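Colleague: I'm new to this one, could you walk me through it?
Modeller: Gladly, let me put it up for both of us.

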Amino acid sequence: MQAQAQAILKVIASVGVEQAEMELTDVVRTMVYVRNINDTDAVAKAHLEVFGSVRPASTLV
């Protein structure tokens, strides 16, 4: 799950954020949905890896 989350977050960063001529530091909020509660740690780790020192408000449901 972590690898899958990393992959999609990187796609969002490169396609969504960069095409809008912005950077990850411009992201102020993220919302992530998981189907299995056991995947939350892996997804949170992927989120931290992709965003690095950027700390947008984040909701994990």
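Modeller: Bear in mind that this is a predicted model. Helices α1 and α2 pack at an angle of about 35 degrees, and their axes are 8 Å apart.

Colleague: And what is the handedness of the crossing of α1 and α2?
Modeller: The crossing of these two helices is right-handed.

Colleague: Which residues meet there, α1 against α2?
Modeller: From α1 come Gln2, Ala5, Gln6, Leu9 and Lys10, and they meet Ala42, Val43, Lys45, Ala46, His47, Glu49, Val50 and Phe51 of α2. The residues of this contact divide into seven nonpolar, three polar and three charged.

Colleague: Take Gln6, then: buried or exposed?
Modeller: Gln6, which lies in helix α1 (residues 2-19), counts as buried because its relative accessibility is 15%, and the cut-off for buried is under 20%. Leaving aside residues up to four places away in sequence, Gln6 touches Ala46, Glu49 and Val50.

Colleague: Switching to α2, which of its residues are buried?
Modeller: Those are Thr40, Ala42, Val43, Ala46, His47, Val50 and Phe51. They cover an arc of only 165 degrees around the axis, which puts them on the same side of α2.

Colleague: What do they pack against?
Modeller: The buried residues of α2 pack against α1, and also against β1 (29-32) and β2 (57-60).

Colleague: And which exposed residues are on the face turned away from that buried side?
Modeller: That face of α2 carries Asp41 and Lys45, which are exposed.

Colleague: What follows α2?
Modeller: Gly52 does, and its phi is positive, near 55 degrees.

Technical notes:
Residues are numbered from 1 along each chain as its sequence is written. This is a predicted model: local features need pLDDT of at least 70, side-chain atom pairs count only at pLDDT 80 or more; totals for chains, interfaces and linings use all residues. Side-chain values use heavy atoms; hydrogens and water are left out. Helices (H or I, at least four residues) and strands (E, at least two) are DSSP runs, numbered from the N terminus. Buried means under 20% relative accessible area, exposed over 50%, partly exposed in between (1.4 Å probe, protein chains only). Contact means heavy atoms within 4.5 Å. The arc is that of the directions from the helix axis to the C-beta atoms. Axes are lines fitted to C-alpha atoms, for helices over the stretch in contact, and angles run from 0 to 180 degrees between N-to-C directions. A crossing is left-handed if the near helix is turned anticlockwise from the far one by less than a right angle, and right-handed if clockwise. Ala, Val, Leu, Ile, Met, Phe, Trp, Tyr, Cys and Pro count as nonpolar, Asp, Glu, Lys and Arg as charged, and the others, Gly among them, as polar.
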